[in-house]
Amino acid sequence: MRARAGQQRAAAEERAAQEAIGRAAESAELLNKTVLTISQQAGDDGRLFGSVTTQDIAEAIQEARGIAVDRRKIHLDEPIKHVGTYMVVVEVADGVTANVKTMVSEQ
């Protein structure tokens, strides 16, 4: 009996993992189509007075698509400090990533 219960539990965990990967893939597909616009104060040369951080991007994704993304899963080499368009890599789940087009404009 115990072996059978263990097999059922393993099968249920496998199904749950597959469903989670499916949801992550759907979220990644939606994020790939997303264009975020973040407005910041900037000088005449297009240099931001502050910077756009991974936290700012996570909040913009939550606001735009209702998808909660941990800021540590957003990959920026360094904070964005100039007005422009950037492709930001977001890790939705292990092995599932999305490229989110992020437009930083002057406020």
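# Reading a fold, step by step

Q: Gly6 is partly exposed, with a relative accessible area of 28%. Which cut-offs make a residue buried, exposed or partly exposed?

A: Keep in mind that this is a predicted model. Under 20% relative accessible area is called buried, over 50% is called exposed, and partly exposed is what lies in between. Gly6, at 28%, therefore counts as partly exposed. You'll find Gly6 in helix α1, which covers residues 2–32.

Q: Is Thr54 buried or exposed?

A: Thr54 has 19% relative accessibility, so it goes down as buried. To find it, go to helix α2, residues 54–65.

Q: Which residues does Thr54 touch, leaving out those up to four places away in sequence?

A: Skipping those sequence neighbours lets you see what the fold brings together. Here Thr54 touches Arg71, Ile74 and Leu76.

Q: How much of the protein chain is buried?

A: Now we go from one residue to the whole chain. Of the 107 residues, 27% are buried.

Q: What pattern do the helices and strands follow along the sequence?

A: Count the elements, then read them in order. The protein chain has 2 helices and 6 strands, and the order along the sequence is α-β-β-α-β-β-β-β. The radius of gyration is 19 Å, well over the 13 Å given by the globule rule for 107 residues, so the chain is more spread out than a compact globule. The C-alpha trace tells you about its extent too: along the principal axes it spans about 75 × 20 × 20 Å.

Q: How far apart are the C-alpha atoms of Gly6 and Gly46?

A: Gly6 and Gly46 are 40 residues apart along the chain, and their C-alpha atoms are separated by 60 Å. Gly22 and Val96 are 74 residues apart along the chain, yet their C-alpha atoms are separated by 9.9 Å. For the chain overall, take the contacts with a separation of 6 or more: residues 24 or more positions apart account for 50% of them.

Q: How many bridges join β1 to β6, and are they parallel or antiparallel?

A: Walk across the sheet pair by pair. β1 and β6 (residues 96–106) run parallel and are joined by 6 bridges. Two places to look are Gln40, whose bridge partner in β6 is Glu106, and Thr37, which stands opposite Met103 in β6. Moving on, β5 (residues 84–93) and β6 run antiparallel, with 9 bridges joining them. There, Gly84 has Val104 of β6 as its bridge partner, and Met87 has Lys101 of β6. Finally, β3 and β5 run antiparallel and share 2 bridges; His75 is bridged to Val89 in β5.

Q: Where is the positive phi in the hairpin of β5 and β6?

A: Look at the turn. The hairpin leaves 2 residues between β5 and β6, and Gly95 in that turn has a positive phi of about 80°.

Q: Which residues of strand β1 are on the covered face?

A: In a regular strand, side chains alternate between the two faces of the sheet. In β1 (residues 35–40), the covered face holds Leu36, Ile38 and Gln40, while Val35, Thr37 and Ser39 make up the uncovered one.

Q: How many positive and negative charges are there in the protein chain?

A: There are 13 positive and 16 negative charges, and their mean positions are 11 Å apart.

Key: Residues numbered from 1 in each chain as written. Predicted model: local features only at pLDDT ≥ 70, side-chain atom pairs only at ≥ 80, totals over all residues. Heavy atoms only, no water. Helix = DSSP H or I, 4+ residues; strand = E, 2+ residues; numbered from the N terminus. Rg over C-alpha atoms; globule rule 2.2 N^0.38 Å. Buried < 20%, exposed > 50% of the residue type's maximum accessible area, 1.4 Å probe, protein only. Contact = heavy atoms within 4.5 Å. Lys, Arg positive; Asp, Glu negative; His and termini not counted. Charge placed at Lys NZ, Arg CZ, Asp CG, Glu CD. Pairing = 2+ DSSP bridges.
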